[in-house]
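I opened this notebook page to record what I looked up in the structure, going from the whole chain down to a single residue. The entries follow the order in which I checked things.

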Amino acid sequence: MRENFLNKVVIVTGANSGMGMATTKAMLSKGATVIMLCRSEKRGGEAYEKLLKEGYREEKIKLILCDLGDYSSIRSFVKQVKDNYDRIDVLVNNAGFISLDRQETKEGLERQFGINHIGHFLLTTELIDLMREGSRIVNVASGAHKTGNIHFEDINLKKNFNVIKAYSQSKLANVLFTRELARRLSDRGITVNCCHPGAVATNIGIDRNTGFGKTITGLLKPFFLTPEEGARTAVFLATDESVKDITGEYFYKCKIAKSSKKSKDMELAKKLYELSEKLVMVWKA
């Protein structure tokens, strides 16, 4: 398997910790060049140094900072990638955000929808022209999509916000985006799949400023999957020959899994895609 990835370029979002770091290591171990998309210069730099100390080759790792809640930051990231690489073989949209209180992105979007879906939507669609037949896009979704709705009448959840409503909306959006993008790219030989990683002990629910959530996560950690276990299906979708021609599917434990009825509604997927285009075009330079 390693030889297949010696000349391949992979992007992993949220690469500095948790499943993102586990995915990065897995892809480096297969010989790929990995572009680490990280928001924090400090945490990204520390992760980069950690990889070097563990023996991964410097020329195989590229750290590029990007805030997925900021359109201009995303476009700057894309420009840097295009300036340095002529193709992308795998894009793993792993980064995720969750918050108990309602927050907004730079462009005024509810932050969970804005980062988990719209940020990755913009990143992915801007990178597609670097992809070719055989390239793969992997979206890390969640079983939380099953309780989700797309609240078109209040997409930013300014009324009656709660964390479950916001997070499940963003994760349903991940699955719908996967379905619709797979349909649109079907004639180009680029596959798009998504996955539920399972219950994984990561820093996603921990407030970076206050540390809120650390105690709860610590107590529950024995019952969670490790980041490496959680990343397994995403790595499988990114690398395994058995899924090279499968597209538009939702996976769990490296197998196609049942997703919600709403997540299979292609009219809903098309409507969300068109709204997403409008949301990123509004701010397009």
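Before counting elements I noted that helices are DSSP runs of H or I with at least four residues and strands are runs of E with at least two, numbered from the N terminus. On that basis I found eight helices and eight strands in the protein chain. I also noted for every entry below that this is a predicted model.

Entry on the whole chain. I looked up burial and found that 54% of the 285 residues of the protein chain count as buried. The protein chain exposes about 13400 Å², of which carbon and sulfur atoms supply 50%. I then took the contacts with a separation of 6 or more, and residues 24 or more positions apart account for 77% of them.

Entry on the cores. I asked which residues touch the most other members of the largest nonpolar core. In this core of 46 residues they are I35, F77, V81, L123 and L127. The elements that give two or more residues to this core are the strands β1 (9-13) and β2 (33-38), together with the helices α3 (71-84), α4 (111-127), α5 (163-184) and α8 (266-281). I noted that α4 gives the most, with seven residues. A second, separate core has 30 residues, including V10, M27, M36 and I61.

Entry on a helix pair. I looked up how α5 and α8 pack, and their axes lie 9 Å apart at an angle of about 90°. I wrote α5 down as roughly perpendicular to α8, because that angle falls in the range of 65 to 115 degrees. From α5 the contact is made by A173, L176, F177, R179, E180, L181, R183 and R184, and from α8 by M266, L268, A269, K270, L272, Y273, E274 and E277. Sorting the residues of this contact, I have nine nonpolar and seven charged, with no polar ones.

Entry on H117. Is H117 buried or exposed? I located H117 in helix α4, and its relative accessible area is 1%, so H117 is buried, the cut-off being under 20%. Leaving aside neighbours within four places in sequence, I listed the contacts of H117 as Q112, S170, A173, N174, F177, L272 and S276.

Notes: Residues numbered from 1 in each chain as written. Predicted model: local features only at pLDDT ≥ 70, side-chain atom pairs only at ≥ 80, totals over all residues. Heavy atoms only, no water. Core = buried A, V, L, I, M, F, W, Y, C linked by side-chain atoms within 4.5 Å. Buried < 20%, exposed > 50% of the residue type's maximum accessible area, 1.4 Å probe, protein only. Axes fitted to C-alpha atoms, helices over the stretch in contact; angles between N-to-C directions. Parallel < 35°, antiparallel > 145°, perpendicular 65-115°, else oblique. Contact = heavy atoms within 4.5 Å. Nonpolar A, V, L, I, M, F, W, Y, C, P; charged D, E, K, R; others polar. Areas by Shrake-Rupley, 256 points an atom, 1.4 Å probe, with all protein chains shown as cover.
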